[in-house]
Amino acid sequence: MRGLRRRLTAMPEASGVEIMLMNEPLASGSLTSASLLALLQLASPALPVGAYSYSEGLEMLVEQGAIATAAELQTWLATELTQGAIQLEAAIAHRAQQAAQRHQWSQLSAWNHWLSATRETSELRQQSWQMGQSLLKLLVALDADCSEPAAQLGTPCNYAIAYGLAAAHWQWPAAVALLAYLQSWAANLTTAGVKLVPLGQTAGQQILLALAAPLQAAAQAAIARPDTQLDSCSWGTSLASLAHARQYSRLFRS
């Protein structure tokens with residue numbers, strides 16, 4: 001065990017996080033190995049909240065021929081990270097984490113209503129609500145201490161809000177929590193693109209790796225963004241989502 005621990009702690013830090021065994025604090029921030037494992041579980045694309053069933057308009061874009069190659073898919077995702085609704089969601093997830101840490105339930109509820117109002121189509125709103133309610137239900141099942149804030153939120157609950165609650169409960173550093181949130185989003189849509197274009201699995205992994213810099217930049221921007229700059233340029237996704245609602249043959253719910 002001592003040898004194993006020496007090997008782990010001797011590894012170089014990744015994004016300011018040094019992995020430790022058992023439940024000891026990390027060298028940077030308050031992330032423990034237990035909270036790291038919770039992060040890996042709850043930010044996983046395999047989490048049973050229904051994320052796999054949504055493409056956020058990507059299915060319509062592929063049918064229209066707007067996205068037909070791996071390069072075009074990568075460009076679309078990178079643009080969304082800098083200008084689209086996902087960077088706005090990340091900023092709200094950060095505010096939700098802060099409100100939950102301070103037990104400011106009325107503020108948490110206010111951000112939930114605010115985010116619902118920014119959903120530009122019914123499909124995107126239903127996606128956020130369905131995934132949020134699923135995650136909220138899962139959090140309560142995993143830890144009864146999540147019951148009180150879940151009850152304060154009520155229904156519907158947006159996914160970014162429920163994720164912020166999880167980040168506060170398991171005490172994830174904000175930068176790490178947001179990076180995981182955004183990477184999970186990118187992984188889900190990359191998987192959707194692999195199915196729809198179609199692309200090979202290797203191409204999908206290459207896209208995810210190439211998105212490392214935009215993902216890091218989006219996470220940092222979400223933390224630094226003031227309330228007066230909570231906006232996005234997501235009309236492309238919105239138009240694709242509107243058209244997707246009338247798409248004849250569909251694999252995805254958005």
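# Cavity, pocket and helix contacts

Modeller: S55, E56, L58, W76, E80, W185, L189 and T237 line the largest cavity. This is a predicted model, where local features need pLDDT of at least 70 and side-chain atom pairs count only at pLDDT 80 or more, while totals for chains, interfaces and linings use all residues. Residues are numbered from 1 along each chain as its sequence is written, and side-chain values use heavy atoms, with hydrogens and water left out.

Biologist: What makes this a cavity, and what makes a residue part of its lining?

Modeller: On a 1 Å grid over the protein atoms alone, a cavity is a set of points where a 1.4 Å probe fits but cannot get out; a pocket is an open set with protein on both sides within 12 Å along at least five of seven lines, and lining residues have an atom within 4 Å of a point. The search of the whole structure gives 1 cavity of 30 Å³ or more, and the largest cavity holds about 30 Å³ of space. That volume is the space filled by probe spheres set on the points, which are joined across faces, edges and corners.

Biologist: Which helices each supply at least two residues of that lining?

Modeller: Helix 4 (70-83) and helix 10 (174-196) do; helices here are DSSP runs (H or I, at least four residues), numbered from the N terminus. By class, the cavity lining has 4 nonpolar, 2 polar and 2 charged residues. Nonpolar means Ala, Val, Leu, Ile, Met, Phe, Trp, Tyr, Cys and Pro, charged means Asp, Glu, Lys and Arg, and the others, Gly among them, are polar.

Biologist: Which residues lie nearest the centre of the second largest pocket?

Modeller: They are E56, I86, E89, Q127 and W185, out of 28 lining residues. The volume of the second largest pocket is about 430 Å³. Helix 10 gives the largest share of its lining, 5 residues, and the lining as a whole divides into 13 nonpolar, 10 polar and 5 charged residues.

Biologist: E56 lines the cavity too. What is its phi?

Modeller: E56 has a positive phi of about 55 degrees, although it is not a glycine. Most residues other than glycine have a negative phi, and most peptide bonds are trans. E56 sits in the loop between helix 2 (33-42) and helix 3 (58-64). As for peptide bonds, T155 to P156 is cis, with omega near -5 degrees, and V197 to P198 is also cis, with omega about -5 degrees.

Biologist: Why are helix 5 and helix 6 called roughly antiparallel to each other?

Modeller: The axes of helix 5 (residues 85-101) and helix 6 (residues 105-118) come within 8 Å and cross at roughly 165 degrees. Angles run from 0 to 180 degrees between N-to-C directions, and axes are lines fitted to C-alpha atoms, for helices over the stretch in contact. Under 35 degrees counts as roughly parallel, over 145 as roughly antiparallel, 65 to 115 as roughly perpendicular and the rest as oblique. Helix 5 and helix 6 are therefore roughly antiparallel. Their contact (heavy atoms within 4.5 Å) involves, among others, L88, I92 and R95 of helix 5 and W111, W114 and L115 of helix 6.

Biologist: And why are helix 10 and helix 12 called oblique to each other?

Modeller: Helix 10 and helix 12 (residues 212-224) pack at about 130 degrees, with axes 9 Å apart. That value falls in the remaining class, so helix 10 and helix 12 are oblique to each other. Residues that meet there include L178, L182 and A186 in helix 10 and L215, A219 and I223 in helix 12. By class, this contact has 11 nonpolar, 2 polar and no charged residues.
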